[in-house]
Every structure is written in C-alpha cells, then in structure tokens.
Amino acid sequence: MKSFVVFAVCLAVVLAADKEEDRPKTFKRLIPADVLRDFPGMCFASTRCATVEPGKTWELHPFCGRSTCVVSEDKPPRLLELVEDCGPLPLANPKCKLDEEKTNKTAAFPDCCPIFACEDGAKLEYPEIPTVAPVPEGAEATTAKA
Ligand SMILES: *[C@@H]1O[C@H](CO)[C@@H](O)[C@H](O)[C@H]1NC(C)=O
C-alpha cells in the first residue's frame, strides 16, 4: 500500500511537469476516401483538388492536419483516408488561453496545432473522445486509439 502511494505521488509529479504531453498530440481516424469516377484507385484530396496515390500523404491546409491515402486489407480492397488532426478543442476554461506566441497556424502539421497556456494550477479538460472510432473492418485497428 505504501509503495502505491509513493508511486501515485511520483506519477502526479510527472504529469504536472509534463503538462502539454499528457494528451496525445495528434488524433487519427479512418474514413472512406473520396474517389473520382475517372481516377479509380486514387484518393481525391478535396483541399488540394488533386488525386493522390495510395501511400502518399497530403497536408489539409487551410485546416491543421494531414491525410494519407490507404488501401484497406479486406476483399475487395477499399480506399480509405487516414486523417490526422489535433483532436478536439479543450473545454472552455477562463484560466487558460490560446498561446498566441507559441501557436503557429501556418506551420506544417502537427506544429500548427493550438498550444494553450494556463494559469498556475489550472488544467485544461478535453471532451470525451469515443475510444472506438468508426474504423472500417479490415483496416488498421491501431488507429482507433485516442
Ligand atoms: C511558422 O511556421 C512557418 C512554416 O514552418 C515558418 O515559416 C514561420 O516562420 C513560423 N512562424 C513563426 C512565428 O514561428
């Protein structure tokens, strides 16, 4: 029991020292890819108005994120878009605000993700994220981790 308390205290210290890292920096989800009738086998990147080969990645400007064209492992294979973004915004907290100096919205993903600064003792809370993302069967299951 005593060692558990020591462990818990250490963990709390680590979490406090590591404020910005106690949450994954990026979130991933798989969605069916947009495919143009005339370009089967390619993902359509609507933010770039271009087709993208499987395995290739593109930035989602003006949004902060990145997508990869993925072929699923099921039969017949389907084209999927692996979307990576900064995840949900934290719940509003008057003691925390967007760090305008550190946040660089024009940087490439994931450096464009918002960085928040809190007053001492304040901590941001994030909305619950469904742990089971709608990952199509046969696709990489590892992406469902939030
Ligand atoms: C933001 O990121 C872009 C792209 O990496 C860079 O060119 C620019 O200098 C950065 N701006 C600031 C204020 O750091």
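Me: Where does P110 lie, and how do you know?

Reply: P110 sits in the loop between β7 (96–98) and β8 (116–118). The strands are DSSP runs of E with at least two residues, numbered from the N terminus; helices would be H or I runs of at least four. A cis peptide bond joins F109 to P110, with omega at about 0 degrees.

Me: What kind of model is this, and how is it numbered?

Reply: This is a predicted model: local features need pLDDT of at least 70 and side-chain atom pairs pLDDT 80 or more, while totals for chains, interfaces and linings use all residues. Residues are numbered from 1 along each chain as its sequence is written, and side-chain values use heavy atoms, leaving out hydrogens and water.

Me: Which bond joins K75 and P76?

Reply: A cis peptide bond, with omega at about -5 degrees. P76 is in the loop between β5 and β6. Most peptide bonds are trans, and most residues other than glycine have a negative phi.

Me: What makes the backbone of C49 worth a remark?

Reply: C49 is not a glycine, yet its phi is positive, about 55 degrees. C49 lies in the loop between β2 (43–45) and β3 (50–52).

Me: Is C49 called buried or exposed, and why?

Reply: Exposed means over 50% relative accessible area, buried under 20%, and partly exposed in between, with a 1.4 Å probe and protein chains only as cover. C49 has 61%. That is over 50%, so C49 counts as exposed.

Me: Which strands form the open sheet, and in what order?

Reply: The order is β1-β6-β5-β4, and the pairing is antiparallel. Two strands pair if DSSP finds at least two bridges between them. β1 and β6 are joined by 6 bridges. For β5 and β6 the number is 7. β4 and β5 (residues 65–71) have 3. Each of these counts meets the limit of at least two, so each is a pair.

Me: Why are β1 and β4 called edge strands?

Reply: β1 (27–32) and β4 (57–59) each pair on one side only. From one strand to the next, the twist averages 25 degrees. Angles run from 0 to 180 degrees, between N-to-C directions of axes fitted to C-alpha atoms.

Me: Which residue in β5 stands opposite T57?

Reply: T68. K28 stands opposite E84 in β6. V83 in β6 is the bridge partner of S67.

Me: How do you know that β6 is mostly covered?

Reply: Of its 7 residues, 7 are buried. Both faces are covered. L79, E81, V83 and D85 are buried on one side, and L80, L82 and E84 on the other. In a regular strand the side chains alternate between the two faces of the sheet.

Me: Is S67 buried or exposed, and why?

Reply: S67, in strand β5, has a relative accessible area of 0%. That is under 20%, so S67 is buried. V71 is also found in β5.

Me: What makes the side chains of S67 and E81 a polar contact?

Reply: They come to 2.7 Å. A polar contact is a pair of N or O atoms within 3.5 Å; within protein, one must be able to donate a hydrogen and the other to accept it, and sequence neighbours count only through side-chain atoms on both sides.

Me: How many salt bridges are found, and what makes a pair count?

Reply: The whole structure has 5. The rule asks for a side-chain nitrogen of Lys or Arg within 4 Å of a carboxyl oxygen of Asp or Glu. D85 and R29 meet at 3.0 Å, N to O. D85 is in β6 and R29 in β1, 56 residues apart. K56 and E53 meet at 3.5 Å. R78 and D74 are 2.7 Å apart at their closest N and O atoms. Each distance is within 4 Å, so each pair counts.

Me: Why is R29 called partly exposed?

Reply: R29 has a relative accessible area of 37%, which lies between the limits. K56, at 44%, is partly exposed as well.

Me: Which residues are around the ligand?

Reply: N104, T106 and A107. Being near means having a heavy atom within 4 Å. A polar side-chain atom of N104 lies 2.3 Å from an oxygen atom of the ligand.
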